[in-house]
Amino acid sequence: MANVEGDKTLRKIADAFKELAAMVNSETADVEVAPFSRACSFVSPLFGCLGIAFKFAEMDYVAKVGDLAEASKLITTLNAMLDRDIEGNCVRKAGSHTRNLLRVKRGLDMVRVLFEQILATEGDSLKDPASKAYAQVFAPHHGWAIRKAVAAGMYALPTKVQLMKKLNEDEASAIIQMQNFVAASGPVILYIDRLFLSRELGIDW
């Protein structure tokens, strides 16, 4: 399998989310749609590297990030995007920017938990880290058929070594970049949750 884009995917992800975290932690804390969707797009290849178990997540995530990138041409901030959908009474409609943002946030959360589990797990298998991340983030929102398909796909996951090779990383640098992403993505995910909760939209639909 060829290396993803031949360069440091994990570093690009970590650096982009550090910038978003800085926005979130600033006094204005108004995250713009364009840099957000750009940072999220760097995560897309990672789903592809995980193989068939996360194929559904990759397709869904890539489509939703693409929608947010399109939205960024017309809407400046995530705040404005949610308010626009609320005014249009289309928050929960399939294809709404707000619904897509919630799905993208879930994808980011899955990767964050996956990295946490990889960092905490000995050995070369990704089955436990990926299973735990899926169970925590995606499984509550999926029906029986998807959960069963994902469970079957877990046996086709790459090993940690194979994943690092696909991402063009050695283990030492990968550990650092995973730690950086976990640290930076936490505040960004929390920020998105607060956008929804402050408008009483909920985050479990």
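This is a predicted model: local features need pLDDT of at least 70, side-chain atom pairs count only at pLDDT 80 or more; totals for chains, interfaces and linings use all residues.
**View 1. The largest nonpolar core.** This core holds 66 residues. Those with the most contacts inside it are F17, F36, F54, L78, L101, L108 and F115. At least two core residues come from each of α1 (9-25), α2 (33-49), α3 (55-71), α4 (78-87), α5 (97-120), α6 (127-137), α8 (160-166) and α9 (171-198). The most, 11 residues, come from α9. In soluble globular proteins, nonpolar side chains tend to be buried together.

**View 2. Surroundings of F36.** F36 is among the core residues with the most contacts inside the core. Neighbours within four places in sequence are left aside here. F36 then touches L20, V31, L68, L78, L101, V104, L108, V188 and I192.

**View 3. Packing of α1 against α9.** The two helices pack at an angle of about 35°. Their axes lie 8 Å apart. The crossing of α1 and α9 is left-handed. From α1, the contact uses L10, R11, I13, A14, F17, K18, L20, A21, V24 and N25. From α9, it uses A174, Q177, M178, N180, F181, A184, S185, P187, V188 and Y191. By class, the contact of α1 with α9 has 14 nonpolar, four polar and two charged residues.

**View 4. Positive phi at N89 and E200.** Neither residue is glycine. N89 sits in the loop between α4 and α5, and its phi is near 55°. E200 belongs to the segment after α9, with phi near 55°. Exposed means over 50% relative accessible area. N89 has 64%, so N89 is exposed. E200 has 74%, so E200 is exposed too.

Terms used
Residues are numbered from 1 along each chain as its sequence is written. Side-chain values use heavy atoms; hydrogens and water are left out. A nonpolar core is a set of buried Ala, Val, Leu, Ile, Met, Phe, Trp, Tyr and Cys residues joined through side-chain atoms within 4.5 Å. Buried means under 20% relative accessible area, exposed over 50%, partly exposed in between (1.4 Å probe, protein chains only). Helices (H or I, at least four residues) and strands (E, at least two) are DSSP runs, numbered from the N terminus. Contact means heavy atoms within 4.5 Å. Axes are lines fitted to C-alpha atoms, for helices over the stretch in contact, and angles run from 0 to 180 degrees between N-to-C directions. A crossing is left-handed if the near helix is turned anticlockwise from the far one by less than a right angle, and right-handed if clockwise. Ala, Val, Leu, Ile, Met, Phe, Trp, Tyr, Cys and Pro count as nonpolar, Asp, Glu, Lys and Arg as charged, and the others, Gly among them, as polar.
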